[in-house]
Amino acid sequence: MKRIFYILPVLLMALMSCEDKLDINTNPVQPVTTSANLMLPGIQGNMAYHIYSHARFSSYHSMYLTSRYGTRAIEDRWDYNQITRLGAWRWHYFDVGSNAIGLIDRAELENSANYMGVAKIMLGFSYLTATSSFGEMPVKEAYTGDFSPLYDTQEYVYEEVARLLDEGIADIERSGAEARTMNAASDLIYQGDLGKWVAFANGLKARMYLHTASFNNGYDNVLNHVNLALNNWRDPIYNYSSNPQRDWERNMWGPAKASPQWNFADVVNMLDNTVPTTFFMNYLIVNEPNIKRDPRVYKLMTPGKNNVYQGAVVSRGLEGKVMDDFPNLYNGYWTSDNSPLPYMLKEELLFIKAEAAFHKGDKGTAFEAYREGITTNMQRLNVPQDSLNNYMASPKVKKTAAELQISDIMTQKYIALYLQPEAWVDMRRYQYQATAYPGIEYPSNVLPEFAGRWIQRLPYDPQTEYIYNPQEVARLGATARDWVTKPMWVFENSSL
Amino acid sequence: MIKQIRYCLLWVVCFLLVHFQSAAQGTTVSGTVTATSDNSALPGVSVVVKGTSRGTATDPNGAYQIQASPEDVLVFRFIGMKPVERTVGDATTIDVALEDDAQSLGEVVVTALGIERDRRTLTYSIQNIQGEDLRSSNQANIVNSLQGQIAGAQISSSGGSPGLPSEIVLRGVSSLTGDNQPLIIVDGIRVSNASTNGTVNRLADFNPEDVDNITVLKGAAASALYGIDAASGAIIITTKKGKAGKMAINASVRSFVETVGRLPEQQKLYTSGFGGIYDPSTTSNWGRKFRSDELIYDNPSRFFQTGVVNDVNFNVNGGTENYNYYVSGNYRGGTATIPNTESERLSLLIKGSAKLSKKLELTTSANYIDNTIQEGLIGSGSGGWANSIYRYPLRYDIRNYQYPNGAPNYEYYYDNQTPDVAIDDVAIISPMWNVMRNPRNTQTRRIVLNGLLNYNPTEWLNVSYRLGQDYYNQDYGYVYIPGTPGSWEGRLYESKGNFVNTTSILNTTISKSFLNDFHATVILGTSQEYYEAQTNAISGERFQNPDIHSVNVIEPINIVTSEGNPRRRRYAAYGDFKLEYKNLVSLNYTGRNDWSSTLPRDNRSFYYSSYGASFAFSELLPSQSWYGKLRASYAQVGKDAPIYSTDANLIKYPGIGGGFVKDATAGNPNLKPETTTEKELGAEFRFFDSRLSIDATLYDAMSEDQIIRARVPLTTGYVIQTFNAGSIRNKGFEISIGGTPVQVGDFSWNVTLNTWKNKSRMLELPDQVRVFPYTFGQPYSSAIAASALDQPVLGIVGTDYLRNEDGYMVIGENGYPVINSADRQQYIGNREPKLNFGFLNRMNYKSLSLSFLWDFRFGGDVYNATRLGMISNGISEDVGQWRDREFVFNGVVDNGDGSYSKNTKTVVLDYNYFATNYTAVGTNFVERVNWARLRHVTLNYTLPSHLTSLAKVGKVGLELSAQNPLLFTNYSGGDPEVNSAGPNAGGAEGGSTMGVDFGAIPLAKSYSFGITVGF
């Protein structure tokens, strides 16, 4: 029986040699890395979702839309104090940002400067989109693994966006034959046409420089970049499937209320319980003998049961009317399941040009760009030529450069950017002033504690930022119930 | 009966521990040991010369032989019976009859690795529950049947539907995320108690009738030998064995009637709509008052029904000296209080052991289980099962959900007029549509195999090898048939998984006495465990043929499939060294090294140890009528990481263009094991010849370097990460008092009173984190289940009113209370009870026996999110009572100069008040709950034998029983035993969601009648 005592140590030894059998902690059914061309489609699709995740809320704050109830916390009261999660934060830092950084790293390994450049432009675009809703956000200490990174000023975020766009352009320009092919399979936006990516980067710079132009004398810079962009422009548009079968192939604004990625329910559109505002619909009334309404209204939305195109006063609900008395917001040009989702439109560039030239005093250029912006938008929406002509001839459109006012440019841009988050940026740049947006009124059902202050931003994601980074969040003042009414750097400094 | 079943169990023990026939001294004494109850021979009774280690055991005929001198005292011991002492004197034959003794049950207990130990020398706290006490609770789920029977076990059921899981937590939550449930061992091998997809916890597969006894190892000390998963304690289940003698056949049939438990109350004043205006398009109940001509349906009571469950059991067992067998079968099936909810469990257990030689014994068992559950009410990750029932407008009849031809009967339908598309249409249909037409189904087929080879080469050495496998496949799925609002063209989800856990243990026990009064036990062993699951999930939408609900009629583009393959391997080497001096003092050291595949290479090996001592001070004193022992232990247990936490992966991008994107979960190559350190102090007393026994334990446990899998700041570039951070402390006491207050003639009354309290504290959270919310514990943001720093771990955080220094609510200028906006995550509740009592009573009078268990709970907050949702919806009873009434809030108004005056402003409690003020304040939904609950009451009557012998059966018993029949509580909602997300439902990130009521289905009250027959 003594043998037992020899057997035991032998068994223990045998155990030690089992070390290899313990090396089973890598998932056999999931990859750890892949090639650059397989990483770009996801980034581009996620960017469309990222834009939507801002627009879902900003379209109520920029007052295109109002809920039928008049009592919705976010849409009607601007009350973000009860939310569990704010998706847009994730769509920037994780879904777009983290994947873009992964692509940059991979492209570096592969020596594919083309992918690297496009990834940097996408990352810069994502930062710009995010900071326009959030203001201060971590840049320097983001993606370092730090659970409580410092928040950088919005000014610094803008510098970072500029740097990413510049580097992206430089990478594209140095990309040579050694780079991995970029084509229609890997680049859903430009099918690998790198020149168009450079133009888009310049377009983004024009958008960004316009934000700060009023206080840093930047209109020349804006115009310069608009022209660089327009020279080789093709609209960067994310196209959903023409006959979508699954939520992943559907535009989030569509009637299927696509919810491809599990999320807290309020990111799903509620256009079925939403009506257009009187504020917006008034811009679309022409009331001339040959043209009653802006022809775009029939493209942006579809008739309701009673074929009445009216709006509801912001935040007041239907006030006794029924849904059938309002147009149906679904199945418009931008709100079908198969609608495209624009990153940026040519008409935005034209209106940027018009606004910049206007503030420079160059009303001639402004006037040209203004009119071209309207026709570009009408043509995009497939407005019939005679309706377009009637509209352009109507008093809704200024006939001479001298008559042109800033409100003409801004209201036309507002109509053209229907459901885009950039419209909310414009509105905040002008601090909701009636000089830019005639007819604008402070909604009556907003939380009384906001004491008449307008909404300026979205809160950070309560599920992570307020938990892991309480000191920074407190330093910024973001714990206050009225944090959303605090103007961010770019709007606070706006002299418009 | 019970004592005979233990024959085999004891046989081995006696052989090992007592069978020390030392050199002959004096004369040979022989005799027979019988039981007083039926005069049957008792095999396996230990016969020891008092004060020595000399002893023997009776053979299968109850006979023994021992060498003893006239002055020696022989002690006869048998589990479950009162020990008897006889002085040898001149006698050469000593026949002894042993009496039953309920109090001494558990003298020998099964501890770690199936090792049986004399309770008196244990250095840590354990508790033993007899199969009979489990049985009389009449619960299908073994976890539920432990309610109130274990001091220190907090058990909470997720609700009264057969497919919902129950959670058991011993001595508080030790891990901030992940599973905090104890390790479950059946006959020495680990079995799964998972509740994948939020279905019933898998221990519910096992037939409670097969359980002989359950030993609960509560703390780290008791669990050091099980390692990793026993950081949260261990539940050791021993199944019945065949007993030597004539073949015995037992059968039973029981029928249960289940009725719905306590439901939340609704208002019956206002109909659906908004802002006081009737609106048929909504299920919101803020409309005008009901008109007198409108029908009002009491929908919850129209929804819930009476369920019927039948339970049939049989077992056949028998054997000889060299082999024994036990075969049992169980069918349990029936309906529930929820319509279209059915469960069916079939189980077959075959178990046998054979002596292959004098020194070698083989025991094997196979248990096949088929457990099928269909449930009408489907929850989400956060629970919410019955919300649709509680909120359905009372102007509609909930039973009115389809036309006779099966087509959906919409109460409201709005066609959004998109051509050819129904997808944007809005409809209201009774929640009964989903219940009746779209239930979820779970089917589990499971086989648990177990083999044990036991080798006793000499009397002091035992070598055993155990190999076991727990294998099950689980099919889970649901279908939304076409016509269901929101899923107009139908969709389905199916997941199929094979789960296998293989355990092998090689164990050596050396047990030897030396220097007369010393006894040493050394256990050395190694174990390995391999876990693997292969899972496939399919989801698809749009059935092209609306009558067939299969992926076969879904276009390939609308089908999404995925595959998972988690694997884990663990090795361990362990040792347990124990030294005893007489029965007075024992010292214990254990050490264990684990190697786990889930940790990075450099950190995957870790060693931890425990120390323990016990001191039976009563042995120093001459009196034999009482017994007293002190014990102390200090132990550490390490814990490994979740599978595949070290690397980040890419996942398929399901959108246009395909390719890959990052998985939301980051890798962490620096993970190290989590450690729990526990100190335990205990005392045991027995008085009045064991008619009163007290076992008290104090413990203090600290879990450090918590392995947390949580949502992390997105600025890291990931959504979820696993990391080491944080520490939790649990302190508490457990007292278990057993006694026989009355024993007069044929009447006896035995009681067990368990009392316990656990106090936890979140000592450290990662980085700057101050509040850690639980992913599935936040149905509304005004209050969420969370752990807050320096507060009890199972807390509730949320908003409160602004209060002045004296604690009065501050009322704003508008006359409504002001919400404290500075801190929206204040600590506002502790979900752990202040004090628990389980009071088990067993009374016997001749052929009648009565058993009942009272469960008292004091304190412990419940987050009533059900009520919050019902108020937001306008259907809560409170809304009916207060809506649109004028009210002056009892609070103070800030005068602006630091002083306050009493509020006098009258305001109207309108919709805006409820929606933006009342429901925005978490403290309004936190209730300190007490309850007194009769868990079960069971009355048994054994028919007189002259009657049964006529029918040629051995024994016939009749049983009347009720489960959960009485509940007294101050809770405003339904049944306060709630656990919204259940144990690890969907991988819940957070310690536990017990005490969160979110659409909970109340526990059923059920009544049963049964007949048992023995041949």
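Does B:Ile1011 count as buried, exposed or partly exposed? The model is a predicted one, and in it B:Ile1011 counts as partly exposed, at 33% relative accessibility. B:Ile1011 belongs to strand 59 of chain B. Together with B:Tyr845, B:Leu848, B:Leu939, B:Tyr941, B:Leu960 and B:Phe1009, B:Ile1011 makes a nonpolar surface patch of about 590 Å². At least two residues of this patch come from strand 56 (931-942), and at least two from strand 59 (1005-1014).

Chain B also carries a charged patch. B:Lys731, B:Lys759, B:Arg761 and B:Lys834 form a positive surface patch. One of these residues, B:Lys834, sits in the loop that joins strand 47 (826-830) to strand 48 (835-845) of chain B. B:Lys834 has a relative accessible area of 34% and is therefore partly exposed.

Buried residues make up 64% of the 496 in chain A. Helix 14 (residues 406-416) of chain A is largely enclosed by the rest of the structure, because eleven of its eleven residues are buried. Among them are A:Ile406, A:Met410, A:Lys413 and A:Tyr414.

Two residues have backbone angles to look at. A:Asn382 is not a glycine, yet its phi is positive, at about 65 degrees. A:Asn382 is in the loop between helix 12 (363-380) and helix 13 (385-393) of chain A, and with a relative accessible area of 52% A:Asn382 is exposed. B:Tyr644, also a residue other than glycine, has a positive phi near 55 degrees. B:Tyr644 is placed in the loop between strand 34 (627-639) and strand 35 (650-652) of chain B. With a relative accessible area of 11%, B:Tyr644 is buried.

The last topic is charge pairing. Side chains of opposite charge can pair when their charged atoms come close. Over all chains, the structure holds 78 salt bridges. One of them joins the side chains of A:Glu167 and A:Lys120, at 3.0 Å from N to O. A:Glu167 is in helix 6 (residues 154-174) and A:Lys120 in helix 5 (residues 113-134) of chain A, so this pair ties together parts that are 47 residues apart in sequence. A:Glu167 counts as partly exposed, at 26% relative accessibility, whereas A:Lys120 counts as buried, at 11%.

A:Lys205 forms a salt bridge with A:Asp166, with 2.4 Å between the closest N and O atoms. This pair links helix 7 (residues 194-216), which holds A:Lys205, to helix 6, which holds A:Asp166; the two residues are 39 residues apart. A:Lys205 is buried at 7% relative accessibility, and A:Asp166 is partly exposed at 37%.

In chain B, B:Asp975 and B:Arg933 form a salt bridge whose closest N and O atoms are 2.9 Å apart. B:Asp975 lies in the loop between strand 57 (955-969) and strand 58 (996-997), and B:Arg933 in strand 56, 42 residues apart. B:Asp975 is buried at 4% relative accessibility, and B:Arg933 is buried at 0%. Elsewhere, a network of salt bridges links residues including B:Arg171, B:Lys629, B:Glu680 and B:Asp695.

Key:
Residues numbered from 1 in each chain as written. Chains lettered and ligands numbered in written order. Predicted model: local features only at pLDDT ≥ 70, side-chain atom pairs only at ≥ 80, totals over all residues. Heavy atoms only, no water. Patch = residues over 30% accessible without salt bridge, like charges linked within 9 Å, V, L, I, M, F, W, Y side chains within 5 Å. Areas by Shrake-Rupley, 256 points an atom, 1.4 Å probe, with all protein chains shown as cover. Salt bridge = Lys/Arg side-chain N within 4 Å of Asp/Glu carboxyl O. Lys, Arg positive; Asp, Glu negative; His and termini not counted. Charge placed at Lys NZ, Arg CZ, Asp CG, Glu CD. Helix = DSSP H or I, 4+ residues; strand = E, 2+ residues; numbered from the N terminus. Buried < 20%, exposed > 50% of the residue type's maximum accessible area, 1.4 Å probe, protein only.
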